[in-house]
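Please work through the following exercises with the sequence and the coordinates at hand. Each task is followed by a solution in steps.

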Amino acid sequence: MKMRATSMIPMLLMWMFFFLLVCPLGGSSEANYLIGTGSYDITGPAADVNMMGYANSDQTASGIHFRLRARAFIVGDPNDNGSRVVFVNLDACMASQLVTIKVLERLQSRYGGLYNEKNVAISGIHTHAGPGGYLQYIVYIVTSLGFVRQSFDVIVDGIEQSIIQAHNNLHPGNIYINTGELLDAGVNRSPSAYLNNPPDEQAQYKYNVDKDMTLLKFVDAKWGPIGSFSWFATHGTSMSRTNRLISGDNKGAAARFMEDWYSQKSGVSPTSESSESIKTDYNVSSLHQYRRRSSMAPSMDESLCKILASHKSTGGKFSERLISVSSRVRGSMGNGDKPQFVAAFCQSNCGDVSPNVLGAFCIDTGLPCDFNHSTCNGKNEMCYGRGPGYPDEFASTRIIGEKQFEKAIDLFNGASEQLSGKIDYRHVYLDFSNLEVNLPPAAPGDSESVVKTCPAAMGFAFAAGTTDGPGAFDFKQGDNNGNPFWKLVRDVLRTPTKEQIDCQKPKPILLDTGEMSLPYPWAPSILPIQILRIGQLVILTVPGEFTTMAGRRLREAVKETFLAGENGGSGNDIHVVIAGLTNTYSQYITTFEEYQIQRYEGASTLYGPHTLSAYIQEFKKLASAMVNGSNVDQGPTPPDLLDQQISLLAPVVVDMTPVGVNFGDVKEDVPKNASYKKEEIVEVTFWSSCPRNDLMTEGTFSLVEFLQPNGDWSPTYDDDDFCLRFNWTRPASLSPYSYATIQWEIPQAATPGVYRIRHFNAAKSLSGSLKHFTGTSSAFVVN
């Protein structure tokens with residue numbers, strides 16, 4: 001067979017790009033590490049449970065925007081079985097000490113000492129749209145009516161399963177690192193506090209938030225790319241404090257977009273598109289659709305009426321739970337033994353970084369909020385930040401997610417610096433309620449001064465909230481005095497001692513949580529800090545939210561320690577990233593100067609004005625120990641409070657339907673012979689049951705199915721898709737009746753043809769038994 005040279009050249013170029021995508025330039029082709037990735041569903045109860053993040057008692061879950069996942073990587077030394085690190089990224093508000101304790105217990109039982117507190121890091125993306133109740137300290141579970149075992153269990157199970165997958169997927173491979181600037185995905189929500197940092201320090205930086213994203217590209221020696229993990233600082237608050245759908249917010253969205261993008265690209269023959277289009281020609285709204293298109297669509301003629309007439313709503317039917325799992329779109333996309341591609345968008349020093357990039361405005365006047373206090377006519381309740389899709393929070397979530405996803409693609413495709421060198425880790429527990437800190441001399445000739453951290457306490461500005469989610473009453477940010485009335489209310493719970501007041505100055509104490517222990521501790525005192533090292537990458541895991549400048553100081557101090565201890569070397573030899581909200585949660589960490597201003601972040605810096613100095617001191621000790629090859633004392637053990645937890649959330653008693661109605665019956669169907677255009681919304685309501693009965697882990701409550709030419713219905717969209725929303729409601733708070741309304745915003749890339757919407761759930765009887773059911777809508781046409 002002969003081919004012309006002119007026709008061969010484009011094909012050769014396309015194959016060359018595909019080869020480079022799988023085997024990037026730079027570094028040795030030999031595998032430096034064992035690498036493995038894993039991912040598992042951690043979507044919690046989609047009804048009745050308060051969402052974690054905004055502390056808004058009215059914000060209870062009532063459905064799903066898209067599902068939450070735990071995504072893990074393991075990196076090991078092929079020549080040393082014990083030299084491994086594990087990093088798990090959670091689509092959750094933050095890590096929990098109790099979750100970490102129980103995961104480590106399970107890993108100990110399964111793997112012995114291979115994975116332990118020293119080399120396992122569990123980090124949250126800080127979505128404010130996930131079910132709460134999974135932390136162990138009282139202040140973090142008040143609005144969720146205490147501990148929610150269902151929220152806790154699904155997260156622990158999902159983390160364990162993601163690590164098991166990563167462990168089973170371990171193969172020789174390489175890791176590539178890349179860093180780049182991402183603009184317009186975050187703004188400083190407390191600029192007045194940032195401006196209190198030394199002017200010469202501010203002058204070292206172009207922006208008042210960090211704009212760099214750092215990405216790891218995992219390349220299996222056999223299978224090619226199997227994952228990417230990136231760190232970038234921006235809050236998970238694109239979804240507002242009134243949203244009631246479970247969502248991974250902007251970082252969860254970015255992860256879904258990138259995983260679908262890679263599945264799309266890896267499933268395309270490199271001869272079918274130009275190399276340039278493979279690299280850059282994508283559309284977020286079409287990513288989920290590409291691999292599910294039928295090569296044939298039903299013709300759009302009068303025969304469609306007959307087709308629609310033959311596919312009326314089925315009525316509810318009892319079914320097996322397995323049908324929901326097997327119907328998942330991505331669950332049916334296995335590719336032999338090849339590991340699933342995992343993309344994680346991890347959190348960093350996001351303390352003062354908001355994704356609401358248009359700024360903060362008064363909702364009554366439309367004018368900018370007060371600069372120093374974020375108030376409108378003295379009231380904080382009217383001041384809200386606006387996302388790029390304002391007033392549509394779903395659009396804002398998508399846009400900020402897209403920006404992170406697009407930058408990740410650039411870094412992924414351009415990654416050429418290969419990680420090489422040893423794997424190492426150090427970990428210690430510290431009592432931050434009384435930690436001695438040596439401060440450097442304030443001026444030449446001065447001696448060091450010794451200060452201490454304080455028992456945890458929250459200031460008045462904590463109750464003011466932020467421009468991402470304002471508080472209530474007459475609290476305001478930037479308050480160094482407090483209010484006599486609220487001090488009286490505070491004293492009913494606990495009157496802070498003079499020593500505590502002096503230690504926390506200038507913070508006026510609203511809640512003295514570190515000294516409140518009934519019925520069990522209100523706030524943590526013992527915290528973990530940890531360093532993971534993979535070659536020239538150093539990951540600092542921190543149990544809270546560092547502000548921009550606080551994070552910069554910590555990174556620089558640790559980097560200097562490594563460079564000084566490793567005989568100098570180029571500053572470019574070490575990449576230092578902060579993994580925020582990791583292993584447990586202890587709120588915020590500001591600089592000393594920002595703390596003086598007492599905006600929300602300063603008021604939420606629990607352990608007093610010297611908290612950051614304590615972190616820097618102790619991380620430098622860990623870094624020195626790592627450089628010197630010395631061990632560190634593990635310190636005091638944090639408490640396991642599982643047996644002391646109190647839950648006031650009422651159980652699901654029974655689900656019912658009216659006489660003559662079955663679970664899964666359609667309550668409100670699509671119109672007869674309905675026809676929809678792209679970007680229109682299809683809406684169907686089913687008689688349903690409480691989604692707390694079965695979380696449908698690794699399954700789906702909602703499904704869009706496409707009619708194939710052979711008459712089979714194939715799954716096209718499910719709970720994991722950004723365009724499909726599962727809304728659950730009751731007609732009254734104590735009613736045993738409930739409805740599931742499924743909304744599908746039709747993507748531009750949807751294949752014209754015939755579709756239907758399907759619902760899965762499980763109903764609870766008075767005896768406590770569960771019956772799974774399903775129902776489908778009438779068919780409709782998409783043009």
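The exercises below concern a predicted model and treat strands, helix packing and individual loop residues in turn.

**Exercise 1. Strand S10 and its partners**

Determine which strands pair with S10, and in what sense.

Solution. 
- Step 1. Strand S8, residues 171-181, pairs with S10 in the antiparallel sense, and nine bridges connect the two. Within this pairing, Asn178 has Leu215 of S10 as its bridge partner.
- Step 2. Strand S11, residues 224-231, also pairs with S10 in the antiparallel sense, here over seven bridges. Val219 stands opposite Pro225 in S11.

Is S10 largely enclosed by the rest of the structure or largely open?

Solution. 
- Step 1. S10 covers residues 212-220, and eight of these nine residues are buried. The cut-off for a buried residue is under 20% relative accessible area.
- Step 2. S10 is therefore largely enclosed by the rest of the structure.

**Exercise 2. Helix packing**

Classify the packing of H2 against H3 by angle and by handedness.

Solution. 
- Step 1. H2 (residues 97-111) and H3 (residues 149-168) pack at an angle of about 40°, and their axes are 10 Å apart.
- Step 2. Angles under 35 degrees count as roughly parallel, and 65 to 115 as roughly perpendicular. H2 and H3 are therefore oblique to each other.
- Step 3. Their crossing is right-handed.
- Step 4. The contact involves residues of H2, including Leu98, Val99 and Arg106, and residues of H3, including Phe152, Ile155 and Glu160.
- Step 5. By class, the residues of the contact of H2 with H3 comprise 11 nonpolar, one polar and five charged.

Carry out the corresponding classification for H6 and H11.

Solution. 
- Step 1. H6 (residues 249-266) and H11 (residues 393-414) pack at an angle of about 45°, with their axes 8 Å apart.
- Step 2. H6 and H11 are therefore oblique to each other, and their crossing is right-handed.
- Step 3. Among the residues that meet are Phe257, Met258 and Trp261 in H6 and Ile400, Phe405 and Phe412 in H11.
- Step 4. The contact of H6 with H11 has 11 nonpolar, five polar and four charged residues.

**Exercise 3. Two loop residues**

Locate Ala456 and describe its surroundings.

Solution. 
- Step 1. Ala456 lies in the loop between S20 (449-452) and S21 (458-459).
- Step 2. Its relative accessible area is 1%, so Ala456 is buried.
- Step 3. Leaving aside neighbours within four places in sequence, the contacts of Ala456 include Gln500, Asp512, Ala523, Leu606 and Tyr607.
- Step 4. Met516 is 60 residues from Ala456 in sequence, and the C-alpha to C-alpha separation of the two is 9.4 Å.

Is Asn169 buried or exposed, and which residues does Asn169 touch?

Solution. 
- Step 1. Asn169 is placed in the loop between H3 and S8.
- Step 2. With a relative accessible area of 18%, Asn169 is buried.
- Step 3. Not counting residues up to four places away in sequence, Asn169 touches Ile35, Gly36, Thr37 and Pro339.

Definitions and conventions: Residues are numbered from 1 along each chain as its sequence is written. This is a predicted model: local features need pLDDT of at least 70, side-chain atom pairs count only at pLDDT 80 or more; totals for chains, interfaces and linings use all residues. Side-chain values use heavy atoms; hydrogens and water are left out. Buried means under 20% relative accessible area, exposed over 50%, partly exposed in between (1.4 Å probe, protein chains only). Helices (H or I, at least four residues) and strands (E, at least two) are DSSP runs, numbered from the N terminus. Two strands pair if DSSP finds at least two bridges between them. Axes are lines fitted to C-alpha atoms, for helices over the stretch in contact, and angles run from 0 to 180 degrees between N-to-C directions. Angles under 35 degrees count as roughly parallel, over 145 as roughly antiparallel, 65 to 115 as roughly perpendicular and the rest as oblique. A crossing is left-handed if the near helix is turned anticlockwise from the far one by less than a right angle, and right-handed if clockwise. Contact means heavy atoms within 4.5 Å. Ala, Val, Leu, Ile, Met, Phe, Trp, Tyr, Cys and Pro count as nonpolar, Asp, Glu, Lys and Arg as charged, and the others, Gly among them, as polar.
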